[in-house]
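Trainee: I am new to this structure and would like to go through its backbone. Could we take it in short steps?

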Amino acid sequence: MSSTSQPASPTPLEHRIKAQIRLAGPMSIADYMAIALGDPEHGYYMAREVFGAGGDFVTAPEVSQMFGELIGLWAVDAWLKLGRPDPVRLVELGPGRGTLMADALRAAWVRPDFIGAARLHLVETSQRLRARQRQTLAAAPLAPHWHDRAEDVPEGPAIIVANEFFDALPIRQYQRSQGIWRERVVGLDAEGALQIGLGTGVLPVEAVPARLRGAPDGSVLETNAVAAAVMEGLAGRIWRDGGLILAIDYGYRETAIGDSFQAVRAHAPVDPLARPGEADLTAHVDFEALAGAARRAGATVFGPLPQGDFLLRLGLAERAGRLGADKDPATRERITAEVTRLVAADEMGDLFKAMAVAAPGLVPAPWG
């Protein structure tokens, strides 16, 4: 007996996106990402368990408790350098399952006065993830306050952590064609399937870094106005109220040519246009652009450093040694594997980078 596999039926968002394209024409990649990730009913982050071995990808806090613990100690050090403000807003953007913050707060107990001064604020739009964060942080020493937008966090000095947050913000792509940077858009092919093509939008040449203006035809340049606006707003806040921002993500140290728009499902790469709403969509973070946005707001930028260097300078090796002391060989082997995953150049150590943004006159660890 033989069987013929049937193609999977389109997802609800695929129907919706195609209908919108038929009605209004091709959409930007930014609009496609925003719908696929954030649709209130069927968006990827709204409807699926995405993190961990049983999800689609593993973030650094899921790799090892040591990652979050070092971030917690970094936050304590930041608070001390700020002059111990009370209250201080401890903010995480895109907290996932709450794993990073749970580990950070456990480590931050070394300074009970920090815990007493801190007010925990989580910026999360997914109600499903908020419920998961509530469970994860049920025993934490601070009760979370949730917000849809970073702008909604109350005023005052703030320590802001953004781990794998900026990579999910929607990008635009431009392809050089006959000397003109034309926008790449999502449309429909002759059979009605989603495809990427060139639209009518044009990126002004002055918006292209001078060193990239002579790129050959076919080159792709990505921009992220949303990420720049978020960073400029956060940096303006800490310039006004005092504070620090720590952004950890994968991406380019300098603006670069390349198509980094990608999708992951079940820990494997998939077509970004296949089954929208069922795969994680991301793009590499342009740290040069983020740094420029922060400086425009008057803040000082440190880094980016490769994640491996950043964590080792914060004391990852020493923490691993203490965690593995007096443990059985299997546990020590697991801890060693976690360190390798976080810092090795062929793992997360080089591709991921850490950048700090500070109010003028403040130098964060590990830069000072």
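What follows is a set of questions and answers on a predicted model.

Trainee: Which residue is joined to Pro87 by a cis peptide bond?

Mentor: Most peptide bonds are trans. Pro87 lies in the loop between α5 (65-81) and β2 (88-93). The bond there is cis, with omega about 5°, and the partner of Pro87 is Asp86.

Trainee: In which strand is the place of Pro304?

Mentor: The peptide bond from Gly303 to Pro304 is cis, with omega near 10°. Pro304 has its place within residues 300-306, which form strand β15.

Trainee: How many residues of β15 are buried?

Mentor: Buried means under 20% relative accessible area. The strand is largely enclosed by the rest of the structure, because the number of its seven residues that are buried is five.

Trainee: Is Gln178 buried or exposed?

Mentor: Gln178 lies in the loop between β6 (172-177) and β7 (180-188). Its phi is positive, near 55°, though Gln178 is a residue other than glycine. Exposed means over 50% relative accessible area. Gln178 has 72%, so this residue is exposed.

Trainee: What is the phi of Arg275?

Mentor: Most residues other than glycine have a negative phi. Arg275 has its place in the loop between β12 (268-270) and β13 (280-282). Arg275 is not a glycine, yet its phi is positive, at about 55°.

Notes: Residues are numbered from 1 along each chain as its sequence is written. This is a predicted model: local features need pLDDT of at least 70, side-chain atom pairs count only at pLDDT 80 or more; totals for chains, interfaces and linings use all residues. Side-chain values use heavy atoms; hydrogens and water are left out. Helices (H or I, at least four residues) and strands (E, at least two) are DSSP runs, numbered from the N terminus. Buried means under 20% relative accessible area, exposed over 50%, partly exposed in between (1.4 Å probe, protein chains only).
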